Amino acid sequence: MVVRKKLQTIDARLKQFPAVALLGPRQAGKTTLARQVAGERPSVYLDLERAPDRKKLADPESFLTRHEDRLIILDEIQRMPDLFQTLRSLIDEGRRRGFRAGRFLLLGSASGNLLRQSGESLAGRIAYVELEPFGVLEVGAGARERLWVRGGFPDSFLARDDEASVTWRDNFIRTYLERDIPQLGPRIPAETLRRFWTMLSHAQGGLLNAAQLAGSLDVDGKTIARYLDLFVDLLLVRRLPPLHANVAKRLVKSPKVYVRDSGLVHTLLGLDHRDAVLGHPVAGNSWEGFALENLLAATPPRATASFYRTAAGAEIDLVLEMPDGKLWAIEIKYGLAPKLRKGFHHAREDLRPERAFVVYAGEDSYSMGEGIEAISLNGLAALLSEA
């Protein structure tokens, strides 16, 4: 059993808010984590993808009121969006009777819809926690390379061997494209979405070029934007915005796009084992995306993330504006002897960050001069989680 870092966060939010929404892609471990939470207190669990559980909510107010002294866990809550109005009235009524916190734990795998639906009805009554697949702080430094190659989805990472892991990821991709996405409403051919997803994997960490993608798929730019919004909403793709700094430079305005799970990148590109990954041109960008996801998972909630790039070539892979307003500049390199380009130094002169790091594949931390520290991925993730 891998101990999830977000367990303590969920417990803390349940002590403060009547409702907590646990967001994350399918198969990231939300249900397992929710059952751990349920094991620590009286609770009722309903999976809204199961017809018997949906029938229990034919009269939701009656059923939920009968269990108001328990934590009610509603899995795949986006299946019944009309419930949010009922939850609002029950929360407000319960507050008058002393039930102020820890009423509902809502699980969802489509963040945009869930945020919109819950935000409209439960403003001030709900907290949000995002559960990513396994991260380096959960599996340890010794398993970091396996985590990179296989990705962080529990069934993929914990598979008995690489072949079983690849088989799981193949079926995960197929199920998402052929079953899950159509159930959310969009009627887009599965093969078209797979090609789009694969193109994003080839361009991992690159600037979004909607015109090029549109030409390759024979669609228009608005359609590409709709496809991208869908994958971002499903928490499968990250759109990292450029930093809008007040500097006298011409800045890149397009976002960088990452497929969030490195194992899915490798499977979409047909890279079934470590040697295949290392021999492919995507290896460096795959490692960058892997490191980025792990660092953002450990970053304080109120920090904001972006990248910095100018038309002249000054560039920083990841800029974190911490809750205190100070900037952390982070460059990501795959290898044991990282070297910095002039563009990083020029970008530091532009931004003057409080701290500057180079994340690399080794384990030691050491100074690279000029206030720049080389540090392992686990080391910086731990530092961010303590910030």
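Helices (H or I, at least four residues) and strands (E, at least two) are DSSP runs, and they are numbered from the N terminus.

A word on what you are looking at. This is a predicted model, in which local features need pLDDT of at least 70, side-chain atom pairs count only at pLDDT 80 or more, and totals for chains, interfaces and linings use all residues. Residues are numbered from 1 along each chain as its sequence is written, and side-chain values use heavy atoms, with hydrogens and water left out.

Let us look at the aromatic rings. Rings of Phe, Tyr and Trp (for Trp, its six-membered ring) pair if their centres lie within 6.5 Å; planes under 30 degrees apart count as stacked, over 60 as edge-to-face and the rest as tilted. How many aromatic pairs does a search of the whole structure find? The search gives 14 aromatic pairs. In one of them, the ring centres of Phe196 and Tyr227 are 5.6 Å apart and the planes stand at 70 degrees, so this pair is edge-to-face. Phe196 belongs to helix H11 (residues 190-202) and Tyr227 to helix H13 (residues 221-233), so the pair ties together parts that are 31 residues apart in sequence. Phe196 counts as buried because its relative accessibility is 0%, and Tyr227 is buried with a relative accessible area of 5%.

Now return to Trp287 and Phe290. Their ring centres lie 5.5 Å apart with the planes at 45 degrees, so the pair is tilted. Both residues are buried. Ring pairs also link Trp287 and Phe290 with Trp148 and Tyr334 into a cluster.

Staying in H16, you can find Ala297 in this helix as well. Ala297 counts as partly exposed because its relative accessibility is 31%. What does Ala297 touch, leaving out residues up to four places away in sequence? Its contacts (heavy atoms within 4.5 Å) are Lys6 and Glu132.

Lys6 leads us on to helix packing. Two packed helices are described by the angle between their axes and the distance between the axes. Axes are lines fitted to C-alpha atoms, for helices over the stretch in contact, and angles run from 0 to 180 degrees between N-to-C directions. Helix H1 (residues 6-16) and helix H2 (residues 30-38) have axes that come within 11 Å and cross at roughly 55 degrees. That makes H1 oblique to H2; angles under 35 degrees count as roughly parallel, over 145 as roughly antiparallel, 65 to 115 as roughly perpendicular and the rest as oblique. The crossing of H1 and H2 is right-handed; a crossing is left-handed if the near helix is turned anticlockwise from the far one by less than a right angle, and right-handed if clockwise. On the H1 side, Lys6, Leu7, Ile10, Asp11 and Leu14 meet Leu33, Gln36 and Val37 of H2. These residues divide into 5 nonpolar, 1 polar and 2 charged. Here Ala, Val, Leu, Ile, Met, Phe, Trp, Tyr, Cys and Pro count as nonpolar, Asp, Glu, Lys and Arg as charged, and the others, Gly among them, as polar.

H11 and helix H12 (residues 210-217) pack at an angle of about 140 degrees, their axes 11 Å apart. That makes H11 oblique to H12, and their crossing is right-handed. Among the H11 residues that meet H12 are Phe196 and Met199, and the H12 side includes Leu213. The contact residues divide into 5 nonpolar, 2 polar and 1 charged.

Finally, turn to two loop residues. Most residues other than glycine have a negative phi. Leu235 is not a glycine, yet has a positive phi of about 65 degrees. Leu235 sits in the loop between H13 and strand E7 (237-240) and is buried, at 8% relative accessibility. Arg352, also not a glycine, has a positive phi of about 50 degrees. Arg352 lies in the loop between helix H17 (342-351) and strand E12 (355-360) and counts as exposed, at 69% relative accessibility.

Key. Buried < 20%, exposed > 50% of the residue type's maximum accessible area, 1.4 Å probe, protein only.
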